Amino acid sequence: MKRIAVGQLLQETNTLNPLQTQRRHFEIYGLGQGEAVMGRYGDTEELSGFASLPQVLGEKVEWLGLLRARAWSGGVLVPGLLGELVEAFTAPLRGQQVDGVLLSLHGAQAAAEDPDVSGCLLHSLSQALGPQVPLVATLDLHANLTRRMVQSADVLIGYHTFPHIDQVSCGQRGARALAHLLRTSERPQVSAWKMPLLTNSDGRTTDRGVLASLWKELVAAEARADVLSTAVYMAQPWLDVPELGWTLYQAYLGERPPLDPEAVAQACWQTRAHRQTPFLRPAELVPAALKIAGRPVAVSESHDATNSGAPGDSTLLLEALTETAIPEGGALTFCVDPLSVAQCFRAGVSALLSLQVGGRIDPYSRPLPLRARVRYLGRVAYTLSGHGGHNLPVDMGRAAVVSAGDVTVVLVEETGPGSSPRLYEAVGLDPRDFKIVIAKSPEGFRQDYEPFAAGILYCGAPGCATPYLLEAGFRSASRPLYPLDQIDEMSQAPWAGELIR
Ligand SMILES: [Zn+2]
């Protein structure tokens, strides 16, 4: 019987979003301690993959639950919250013996006091446990690996898919790596190669596009018996922190990493100018959608993607939608706006209201005056599986469906997944009935919408998740960094290259 400490601290941070993440944002998704970590949340996301550990190990496992803290993508953790979370993770370990640790982290998470939440937690746990206890952590493919993260964990395991549909198998791969360390007491070598490279997700999916063949190589390399982990972490780009950039990470048991780090880094670097997505400005969007036969046309409102941590209340595209007639069912979108939701609930179904919608958190747009009729009052709550979650209970609070001309807006109280049609279905709307449907997701929405969409379009504008990275105003990122600086060779960035273990 092995005793394994287990936990999850998972949220993607967008440092441009001025709304800081508070404890209540984690409470919405459920804070679990002790037995609740695996007892209550053991069939969600990476934790459900961790549950395979006894099977892979061939031995019973006693779980010591530390903390399960999950929140939707958003702003930096409010001052004081990081300390509370780290204390909640480390306190249960005092005076306890454990054989190993399995953690589910994001890897691109920042707090007011520390730009590297994942590194801070890994470091605190490795200090609390000592070097003899193996520590394995899983990460999102958009993690920003730091020197501290690489040094503090024995093995880091990343998603192999974008759109993200491998949360469970990622957890299983984490369990496989920890099982190996527990069985053999062997410690792997680690190679982590930092690239001074930042891209939005344009053409960087794993199933198609410019990196698809590289991902096949990475996945095949990790399947080798002497390899515990391989991944390219493509870094959440709206994260203005030091050491921001892509990282190739490999954990292996032999003399050399399975893939030549410099060669793979060069292959990634060669794609730096790659663009394949024509981003339309809001004013261009409706005319382009109307040219596509059939419905719905699924549209990425990339600059306000709640999946990238933007607030979900930009009005730049909403305004453009209201300015044009949209036949064949009109447009369907959503907006995070608790004030307007409250106003609709006070007025009741069928009321005609003058609302000031959205634009309160998003620094790039203003509240949009909208004369709208309340069609439905309810709640957006459902279980997310597919891109962005597995068996993840989502609650975006009370919801008011309002219509203004050809536009239907689902007003919600809280942010949440912007990639899933389930959001609309939760309030009785079928996205197939509309000509245009908005997803606040840069790319992962394809997973959910492509099976039934007549077309896919991408809209880009100023916003907390703008695809135009040069407009994002970076101040803290290590420089030089492409494309913020025009550099031709990676060697021009002395801060990048091999991270010392
Ligand atoms: Zn991601």
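Predicted model: local features only at pLDDT ≥ 70, side-chain atom pairs only at ≥ 80, totals over all residues.
Local features are described where pLDDT is at least 70, side-chain atom pairs count only at pLDDT 80 or more, and totals for chains, interfaces and linings use all residues. Residues are numbered from 1 along each chain as its sequence is written.

**Stop 1: the two domains**

Colour residues 2–274 as domain 1 and 279–466 as domain 2; these bounds come from an automatic or database domain assignment. The C-alpha centres of the two domains lie 31 Å apart. Where they meet, 26 residues of domain 1 are in contact with 28 residues of domain 2 (contact: C-beta atoms, placed from the backbone, within 7 Å). On the domain 1 side, α1, α3 (45–50) and α8 (167–184) each supply at least two of the touching residues. By class, that side has ten nonpolar, 13 polar and three charged residues. Here Ala, Val, Leu, Ile, Met, Phe, Trp, Tyr, Cys and Pro count as nonpolar, Asp, Glu, Lys and Arg as charged, and the others, Gly among them, as polar.

**Stop 2: strand β3**

Select residues 61–70, strand β3. Helices (H or I, at least four residues) and strands (E, at least two) are DSSP runs, numbered from the N terminus. Nine of the ten residues of β3 are buried, so the strand is largely enclosed by the rest of the structure. A residue is buried if 20 or more other C-beta atoms, placed from the backbone, lie within 10 Å of its own.

Strands pair if DSSP finds at least two bridges between them. Arg 3 stands opposite Glu 62 in β3. Strand β2 (residues 32–33) is antiparallel to β3, with two bridges; Gly 32 stands opposite Arg 68.

**Stop 3: helix α5**

Select residues 81–90, helix α5, and pick out the buried Leu 81, Leu 82, Leu 85, Val 86 and Phe 89. They span an arc of only 130 degrees around the axis, which puts them on the same side of α5; the arc is that of the directions from the helix axis to the C-beta atoms. Their cover includes β1, α1 (23–29), β3 and α6 (117–129).

**Stop 4: a four-stranded sheet**

Last, show the open sheet with strand order β8-β9-β7-β19, where the pairing is antiparallel. Its edge strands, β8 (227–233) and β19 (497–498), each pair on one side only. Six bridges link β8 to β9 (residues 247–252), and Ala 231 stands opposite Tyr 249 in β9.

Methods. Buried ≥ 20, exposed ≤ 12 C-beta atoms within 10 Å, placed from the backbone. Contact = placed C-beta atoms within 7 Å.
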